[in-house]
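Hi,

Here is the structure I promised to pass on. Have a look at it first, and then read my notes below.

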Amino acid sequence: MVGPQLLRNRKVSRSVTFVAGLPRCGSGDSSGGNRQPSQQKKKAISSSSLLDLEAQKRHCLYTTANSAEEEIFRVRKLEIADKNKGFIELLQQLTVCDSVSDERFQERFQELAKYGDDHLVCVIEDDKSGKIVATGSVFIEKKFIRNCGKVGHIEDVVVDSSVRGKQLGKKIVEFLADHARLTGCYKVILDCSTDNIPFYERCGFKQKEVQMVKYFI
Ligand SMILES: CC(C)(COP(=O)(O)OP(=O)(O)OC[C@H]1O[C@@H](n2cnc3c(N)ncnc32)[C@H](O)[C@@H]1OP(=O)(O)O)[C@@H](O)C(=O)NCCC(=O)NCCS
């Protein structure tokens, strides 16, 4: 199983191109993408934090599946409207995730927003279908050890089965790990199945120690 998957992914990934800072990438940009790079930079510096500026640099991901067809994927933070773009259905490919009412979704969204940069849900939207095809989150834990250090915890990484093998999972994990680094974390950690160890190694992680868990339900 692993062999063919590796071959398939490698074949596709050779034709993938990442482009940053392209038109229509500005966060909250209402210019429809016509803003020039220098204007984009000016806007980012005047109205955004360092995190937003860094995120903007990595905001767009263009992949070219073959010379005849270009696929455009947008990397950004979760928005409330994503509930109607298949976000919950995507999470259902990861684990048990019952349907969530609009009201509960909004409540949870607002609750998480209060954490500011200490909690981030990243999504990738397929420009063509308007669907959310990949997601992952990171939570920043504040500690007393290591000179009151901070640790990033990556959770809930999933890519829609129809677009796996196009480097989207890696892009999500890079985005989340970058966020942890930029918020001052000295490390970023995650739990995964043994099947996914090769994927996370490709994302720059290494295996260390073991996970312990106690479920309450
Ligand atoms: C695991 C998952 C997120 C990977 O996403 P993806 O978009 O298909 O992976 P990418 O295309 O970004 O792969 C990045 C690299 O990892 C490799 N890779 C990905 N999955 C792999 C696997 N199962 N075994 C070995 N290598 C793998 C790719 O070949 C690629 O290698 P390269 O950099 O040499 O080209 C996706 O398969 C998924 O959503 N699985 C179900 C949910 C899940 O298990 N989530 C993880 C929870 S911890």
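Let me start with Gln167, which counts as buried because it has 21 C-beta neighbours inside 10 Å (buried means 20 or more other C-beta atoms within 10 Å of a residue's own, exposed means 12 or fewer, partly exposed is in between, and C-beta atoms are placed from the backbone). Gln167 is not a glycine, yet has a positive phi of about 75 degrees. You'll find Gln167 in the loop between β5 (150-159) and α7 (168-182); helices (H or I, at least four residues) and strands (E, at least two) are DSSP runs, numbered from the N terminus.

Before going on, a caveat: this is a predicted model, where local features need pLDDT of at least 70, side-chain atom pairs count only at pLDDT 80 or more, and totals for chains, interfaces and linings use all residues. Residue numbers start from 1 along each chain as its sequence is written.

Arg146 also has a positive phi, about 55 degrees, without being a glycine. Arg146 sits in helix α6 (residues 145-148) and is exposed, with 10 other C-beta atoms within 10 Å.

Now the strands. Strand β3 (residues 119-126) has 6 of its 8 residues buried, so it is largely enclosed by the rest of the structure. On one pairing, β3 runs antiparallel to strand β2 (residues 69-77), joined by 5 bridges (strands pair if DSSP finds at least two bridges between them). Here Val75 has Ile124 of β3 as its bridge partner. β3 also pairs with strand β4 (residues 132-142), again antiparallel, over 7 bridges, and Cys122 stands opposite Gly136 in β4. The β3-β4 hairpin has 5 residues between the strands, and Gly130 in that hairpin takes a positive phi near 75 degrees.

Which residues have the most contacts inside the largest nonpolar core? They are Ile124, Leu168, Ile172 and Leu176, in a core of 27 residues (a nonpolar core being a set of buried Ala, Val, Leu, Ile, Met, Phe, Trp, Tyr and Cys residues joined through C-beta atoms within 7 Å). At least two residues each come from β2, α4 (87-91), β3, β4, β5 and α7, with α7 giving the largest share, 7 residues. Beyond its neighbours within four places in sequence, Ile172 is in contact with Cys122, Ile124, Ala134, Thr135, Gly136 and Val157 (contact: C-beta atoms, placed from the backbone, within 7 Å).

Finally, helix α5 (residues 102-113) is hardly covered, with 0 buried residues among its 12.

Cheers

Methods: Two residues are in contact if their C-beta atoms, placed from the backbone, lie within 7 Å.
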